[in-house]
Amino acid sequence: VNEGHVDEEHAEEGHVEGHVLVILDSDHKAAVVLEELRHYSQFVTVGSYCIVEDTRLDRMWHDDVPGPLSAVKQFIRDNNNKFVIDRSKEEMIFTQHPQGYLKRIAM
């Protein structure tokens, strides 16, 4: 990400093999996170994760500033056949990333 925008050159460098996990933790505005999800989720392999950090911010910001969780929900609506929210990764009492563990289930 460069200045809050996805770096197209790096997002399209080619096919990847093996297990790939992506962690998103940059600008936390929903529009930026959704753009990152759309570009970088393509690299996540089936059975692996795209982790969106700090989704708890939506609870703090409320409707004033849509945050990472808003982006996650939109992304899941748009890609419901490829990713699911994996709540099993939230076993601890507290997490900074509620609903932020997105498991790829299909290509």
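Two strands pair if DSSP finds at least two bridges between them. Strands (E, at least two residues) and helices (H or I, at least four) are DSSP runs, numbered from the N terminus. This is a predicted model, in which local features need pLDDT of at least 70, side-chain atom pairs count only at pLDDT 80 or more, and totals for chains, interfaces and linings use all residues. Residues are numbered from 1 along each chain as its sequence is written, and side-chain values use heavy atoms, with hydrogens and water left out.

**Whole chain**

Start with the cartoon. The chain has four helices and four strands, and from the N terminus on the elements run α-β-α-β-α-α-β-β. Of its 107 residues, 45% are buried (under 20% relative accessible area, with exposed meaning over 50% and partly exposed in between; 1.4 Å probe, protein chains only). With contact taken as heavy atoms within 4.5 Å, residues 24 or more positions apart account for 67% of the contacts with a separation of 6 or more.

**The sheet**

Select the four strands. They form an open sheet in the order β1-β2-β4-β3, with mixed pairing. At the edges are β1 and β3 (83-85), each of which pairs on one side only. From one strand to the next the twist averages 20° (axes are lines fitted to C-alpha atoms, for helices over the stretch in contact, and angles run from 0 to 180 degrees between N-to-C directions).

Next, select β2, residues 49-52. In a regular strand the side chains alternate between the two faces of the sheet. Tyr49 and Ile51 lie on one side of β2, Cys50 and Val52 on the other, and all are buried, so both faces of the strand are covered.

β1 and β2 pair in the parallel sense over three bridges, and Leu24 stands opposite Val52. Towards β4 (residues 101-104) the pairing is antiparallel, again with three bridges. Show Tyr49 with Lys103, which stands opposite in β4, then Ile51 with its bridge partner Tyr101.

**Helices over the strands**

Select α2 (30-40). Together β1, α2 and β2 make a right-handed β-α-β unit; a crossover is right-handed if, with the strands pointing away from the viewer, the path from the first strand over the helix to the second runs clockwise. α2 lies across β1, β2 and β4 and runs at about 170° to β1. Eight of the 11 residues in α2 are buried, among them Val32, Val33, Glu36 and His39.

Move to helix α4, residues 68-78. α4 lies across β2, β3 and β4, at about 135° to β3.

**Asp27**

Finish on Asp27, in the loop between β1 (22-24) and α2.

Show the side chain of Asp27, which reaches the backbone nitrogen of Lys29 at 3.0 Å. This is a polar contact (a pair of N or O atoms within 3.5 Å; within protein, one must be able to donate a hydrogen and the other to accept it, and residues adjacent in sequence count only if both atoms are side-chain atoms). Leaving aside neighbours within four places in sequence, Asp27 is in contact with Val32 and Val33. Both of these valines are among the buried residues of α2. Last, select Gly67, which is 40 residues from Asp27 in sequence and 9.2 Å away in space, C-alpha to C-alpha.
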